[in-house]
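Student: I have a protein model open. Can we go through it by question and answer?

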Amino acid sequence: MKFMVTQMERQYAVTQADGIVNAFLEANPKLGDIFLRLLANYAQSPTPIHLPEFPDLAPHQEELKNYMVMVVKEIVSKADAQPAEYKTSQLAEVFGVSITTIHKWVEQGRFVGVEKGTKNKHLVIADDVLWVSPSGRKMMVREVAMNFEKQQNALGNLEDEGARKDNIIKSYREELVNLEAKHGSLETLMQKQHKTDKDRDDLDNWLFYLDQLKNL
């Protein structure tokens, strides 16, 4: 459930952010630190929280307090939920690469904090693990998985594998044309001195599309 918040209210909340954080930390430094880390985790979670209607437009202090406690409990429970896990075969599909490449990335440290598994132990990577992209940008595996899911939904449920492949190739080529129109060439983008986050996104996507088209 999303509540209506005016632009003025949003701006006021932003200006008072320091005071809110200080109140958390001053009241109980240890608990404040824990809650703020959980809040940061929840901000990156795709799982929404479900809340009842807000008491009224001008709730009494006690009602407001009880509602805020309920919100905090919901955020904490969702933020601390067990992350999803992926086998190497699942990751290979999500990233559009081979299983061998996934293992190579692990050896190269491109899945932050993940170590190569033993011979008889299957490698499993959680969706909250950071992956280092070709441009050096870090993103959660969860983000890549969500983008993959959106892409699959956009392509539709084509039963004909050939038609699906043609649709994917067409989609990638169109994206490359858009990137060339925006940046001129891949080399130009790669040599750009001060890349924005959007530039790094475009670079990662460009390299991904080219790599995929080689394998299709």
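Student: Which residues form one aromatic cluster?
Tutor: This is a predicted model, where local features need pLDDT of at least 70, side-chain atom pairs count only at pLDDT 80 or more, and totals for chains, interfaces and linings use all residues. Residues are numbered from 1 along each chain as its sequence is written, and side-chain values use heavy atoms, leaving out hydrogens and water. Rings of Phe, Tyr and Trp (its six-membered ring) pair if their centres lie within 6.5 Å; planes under 30 degrees apart are stacked, over 60 edge-to-face, the rest tilted. The one cluster is Phe 95, Trp 105, Phe 111 and Trp 131.

Student: How many aromatic pairs does a search of the whole structure find, and what is the angle between the planes of Phe 95 and Phe 111?
Tutor: The search finds eight aromatic pairs. Phe 95 and Phe 111 form an edge-to-face pair, 5.8 Å centre to centre. The angle between their planes is 85°.

Student: Why does this pair tie together parts that are apart in sequence?
Tutor: Helices (H or I, at least four residues) and strands (E, at least two) are DSSP runs, numbered from the N terminus. Phe 95 lies in helix 5 and Phe 111 in the loop between helix 6 and strand 2, so the pair ties together parts 16 residues apart in sequence.

Student: Is Phe 111 buried or exposed?
Tutor: Buried means under 20% relative accessible area, exposed over 50%, and partly exposed in between (1.4 Å probe, protein chains only). Phe 95 has 4% relative accessibility, so Phe 95 is buried. Phe 111 is at 0%, so the word for Phe 111 is buried.

Student: Which residues touch the most other members of the largest nonpolar core?
Tutor: A nonpolar core is a set of buried Ala, Val, Leu, Ile, Met, Phe, Trp, Tyr and Cys residues joined through side-chain atoms within 4.5 Å. The largest has 21 residues. The residues touching the most other members are Leu 91, Phe 95, Ile 102, Phe 111 and Ile 125.

Student: Where is Asp 127, and which residues is Asp 127 in contact with?
Tutor: Asp 127 sits in the loop between strand 2 and strand 3 (130-132). At 8% relative accessibility, Asp 127 is buried. Contact means heavy atoms within 4.5 Å. Leaving aside neighbours within four places in sequence, the contacts of Asp 127 are Pro 83, Ala 84, Tyr 86, Met 140, Val 141 and Arg 142.

Student: What separates the C-alpha atoms of Glu 180 and Trp 206?
Tutor: Glu 180 lies in helix 8 (residues 161-183). Glu 180 is partly exposed, with a relative accessible area of 43%. Trp 206 is 26 residues apart from Glu 180 along the chain. Their C-alpha atoms are separated by 9.3 Å.

Student: What share of the 216 residues is buried?
Tutor: The protein has ten helices and four strands. Along the sequence, the pattern is α-α-α-α-β-α-α-β-β-β-α-α-α-α. Of the 216 residues, the buried share is 26%.
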